[in-house]
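The following paragraphs lead through one protein chain, from its overall make-up to single residues. Please keep the sequence and the model in view while reading.

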Amino acid sequence: MRAALAVLMFVAAAPVAAQTAPARWNPAAPENRQILPTFNYATVESVLTQIGAQGERRGTAERPALAVTFSNNRRAAILFGTCEQGGAACKAISIQAVWTTPANVPADRLAANIQQFNRRYAFSRAFLTADGRPALQRYLTADYGFIRGNLPVNLLVFANQSQRFAAGGLR
């Protein structure tokens, strides 16, 4: 958990100035029906490229992670979990974004905003980290494989929800 938080601390959820390439993902492409047997750098990075996101490898061989910047300039960390073969075959990923606690938002209002966000959106979970920072998380498993086309959808929706959370939950 501390290693995950270290990655998240490095990956600020604030937007960045750099522009990313336009999305090239084709929802109707036949490869979207393929089953990914596991998650690993190659399977996730290829999808990130197709949706116009950029990823930078972090972590270790046993605990791989990616620092991601989505095409809407929102940042997140993708942490691979339940990995075997030196990180080449992982059964789960956690997509996480963490923000600096807003100085102008009282703690009770921030907590209420998080609760309201969670009532409105069930796709990902908003919460406060142990040190009080607002965060958003989505967890995916591939115990018996993962349909490739669902990965870009999950990543794009997470990027959108990250934007919504930052626009409403942190005010």
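Two residues are in contact when they have heavy atoms within 4.5 Å of each other. By this criterion Thr129 touches Val98 and Ala135, residues up to four places away in sequence not being counted. Thr129 lies in the loop between strand S6 (125-128) and strand S7 (134-141). Along the chain Thr129 and Val98 are 31 residues apart, yet their C-alpha atoms are separated by 8.3 Å. Is Thr129 buried or exposed? Thr129 is buried because its relative accessible area is 8%, given that buried means under 20% relative accessible area, exposed over 50%, and partly exposed in between (1.4 Å probe, protein chains only).

The model is a predicted one, in which local features need pLDDT of at least 70 and side-chain atom pairs count only at pLDDT 80 or more, while totals for chains, interfaces and linings use all residues. Residues are numbered from 1 along each chain as its sequence is written, and side-chain values use heavy atoms, with hydrogens and water left out.

The pLDDT, the predictor's confidence in each residue from 0 to 100, has a mean of 88 over the chain, and 87% of the residues reach 70 or more. Confidence is lowest in helix H1 (residues 2-10), with a mean of 44, and highest in strand S3 (residues 64-69), at 98. Over residues 1-21 the pLDDT is below 50, and this stretch has 40 contacts in the model beyond near neighbours in sequence.

The secondary structure of the chain consists of four helices and eight strands. Helices (H or I, at least four residues) and strands (E, at least two) are DSSP runs, numbered from the N terminus. Read from the N terminus, the elements follow the order α-β-α-β-β-β-β-α-β-β-β-α. Of the 171 residues, 47% count as buried. Among contacts between residues at least 6 apart in sequence, 62% join residues at least 24 apart. The chain exposes about 8,900 Å², of which carbon and sulfur atoms supply 54%; accessible areas come from the Shrake-Rupley method with a 1.4 Å probe, and for residues only the protein chains shown count as cover.

Attention now turns to a pair of helices. At what angle do H3 and H4 pack? Helix H3 (residues 107-120) and helix H4 (residues 150-169) pack at about 145 degrees, with their axes 10 Å apart. Axes are lines fitted to C-alpha atoms, for helices over the stretch in contact, and angles run from 0 to 180 degrees between N-to-C directions. On the H3 side, Leu110, Asn113, Ile114 and Phe117 meet Gln161, Arg164, Phe165, Gly168 and Gly169 of H4. By class, this contact of H3 with H4 has four nonpolar, four polar and one charged residues. Gln116 also has its place in helix H3, and counts as partly exposed because its relative accessibility is 49%. Gln116 and Gly168 are 52 residues apart in sequence and 9.8 Å apart in space, C-alpha to C-alpha.

Thr82, found in strand S4 (residues 75-84), has a positive phi of about 50 degrees although it is not a glycine. Thr82 counts as exposed because its relative accessibility is 56%. Gln85, in the loop between S4 and strand S5 (89-98), has a positive phi near 55 degrees and is likewise a residue other than glycine. With a relative accessible area of 65%, Gln85 is exposed.

Conventions:
Ala, Val, Leu, Ile, Met, Phe, Trp, Tyr, Cys and Pro count as nonpolar, Asp, Glu, Lys and Arg as charged, and the others, Gly among them, as polar.
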